[in-house]
Amino acid sequence: MASVLLTVLGGCASDGQDESERLVLYCAHDAQFAEPIIAEFERQTGIRVDVRFDEEANKSLGLTTLLMSEGQDGQQARCDVFWNNQTLGTIRLQKAGILQPWHSSSADRFPERFRDPDFHWTGFAGRLRVYLVNTDQMPATQEAVDQLLDGESLLRFAVARPMFGTTLSHYSVLQAEYGEDWLKAWHTDVRRRGVREVRGNSMCRDLVAEGICDACWTDTDDAFVALDAGRPVGMLPVRLDDGRTICLPNSVAMIRGCPHPEAAKRLIDFLLSEDVERRLAASSARQIPLGTLDDRPLPDDVRQLQEWASESVSLQPAAEVNQAVLDWLTAESTGQ
C-alpha cells in the first residue's frame with residue numbers, strides 16, 4: 001500500500017532507497033479507489049510512491065491551493081505528480097506556471113476536449129453531473145425535473161454548496177456558457193425559492209434516497225451508491241440548453257521542477273493506460289473511460305455513461321472563469 005503523508009511534505013525521508021526509485025504524489029481522488037492503483041504501479045515498477053491525500057470536504061481545492069503556494073515560495077518543488085479528481089483546478093495550476101508538459105504515449109487516445117493541447121495535463125476516467133431523482137416521488141424524466149425546477153418552491157431540490165468540488169465546476173460551466181450576470185441572477189433566484197444547500201454531493205444523494213428531497217444535483221459516482229443500495233432513485237444527465245452534458249474527468253499532471261521527473265513520467269503513463277480506466281470503470285464509482293479502448297468488458301451502465309460523456313462540453317472556457325466564480329462565492333459567503 002502506498003505511503004500516506006498526513007502533514008505537508010518537507011522532503012522525502014531517507015530509508016536507504018535510491019531516490020530515482022521513488023516519487024511524491026498529491027492525490028485528490030478518493031483513497032479507496034486510488035490506493036489499489038498506486039499499489040499496482042509500485043508492484044509493476046518497483047518505484048515507491050509517497051502520497052498525500054487531503055480532506056474530503058475540500059480536497060481538490062485544498063491540494064490545488066497547496067501546490068500554488070509551494071510553486072510560489074521559491075523552494076524546490078516537493079511534489080512530482082498531481083492526480084486531481086477533476087480538471088479546472090489543474091488548469092489553474094497550468095496558467096500559474098506550476099506544471100510542466102509531458103506528452104505521454106497514452107495521452108493521444110483521449111479526445112482533445114479532455115486534454116491540454118501542449119500536454120501539461122490529461123483528463124481520464126470521468127464523472128458526469130446528473131440529476132438524482134426519488135422515483136417514489138416523481139418520474140426520472142427531464143420533463144419532470146424541468147417542472148420541479150420551474151416551480152415556485154425549491155425546498156425539495158438539493159445542491160451542494162457551490163464553493164467547493166464539482167458544484168463549483170458546475171457553476172463555472174454555467175458562467176462560461178451564459179455569462180456572469182445570468183449566473184448571479186439565477187443563483188439569487190433559486191435561493192429565493194428555497195433551494196436546499198448542503199455540505200456535499202453525498203448529502204444531496206442521501207436526502208433524495210431517503211425521500212426528504214425529490215431531486216438533486218450530484219455526480220454519477222455518488223448516484224451509484226444509492227442505486228447499488230437499492231434505493232428508489234434514477235438519474236439523468238444535466239444538460240445545457242443545446243443538449244451538451246457536463247463531464248468532469250480526473251486529471252494528471254507533472255509539477256514543474258519536480259525532484260523525480262523520470263519516475264513521474266512513468267506514473268503518468270500508467271494512470272493514462274487503458275488498464276487503469278478499466279479498473280476505475282469496474283469499481284463501485286463506475287468512472288467513465290474517456291480514451292479509446294475495447295469497451296466490451298465494461299459494465300452496461302458504464303457504456304451508457306460513455307454515450308452521455310461523448311456529448312460533453314469542453315471545460316476550457318469554464319477554467320477561464322473558475323477563479324472569478326470562486327472569488328464571487330467566497331465574497332458572498334463572508335458578506336464582503
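This is a predicted model: local features need pLDDT of at least 70, side-chain atom pairs count only at pLDDT 80 or more; totals for chains, interfaces and linings use all residues.
## Strand pairing

Two strands count as paired if DSSP finds at least two bridges between them. Strand 6 and strand 10, which covers residues 233-237, pair in the antiparallel sense over five bridges. One of the contacts to look up joins L132 to M235, its bridge partner in strand 10.

## Other partners of strand 6

Strand 6 also pairs with strand 9 (residues 215-219), in the antiparallel sense and over five bridges. Here V133 has A215 as its bridge partner in strand 9.

Strand 11 (residues 247-255) is another partner: six bridges link it to strand 6, again in the antiparallel sense.

Now for some open space. The second largest pocket holds about 510 Å³. Its lining is made up of 24 residues, and those nearest the centre are Y131, L149, W182, W186 and R239. Elements that contribute two or more residues to this lining are helix 4 (142-149), strand 7 (157-160), helix 5 (165-178) and helix 6 (180-192). Helix 5 gives the most, with four residues.

What kinds of residues line the second largest pocket? There are 16 nonpolar residues, along with six charged and two polar ones.

Definitions and conventions:
Residues are numbered from 1 along each chain as its sequence is written. Side-chain values use heavy atoms; hydrogens and water are left out. On a 1 Å grid over the protein atoms alone, a cavity is a set of points where a 1.4 Å probe fits but cannot get out, and a pocket is an open set with protein on both sides within 12 Å along at least five of seven lines; lining residues have an atom within 4 Å of a point. Grid points are joined across faces, edges and corners, and a volume is the space filled by probe spheres set on the points. Ala, Val, Leu, Ile, Met, Phe, Trp, Tyr, Cys and Pro count as nonpolar, Asp, Glu, Lys and Arg as charged, and the others, Gly among them, as polar.
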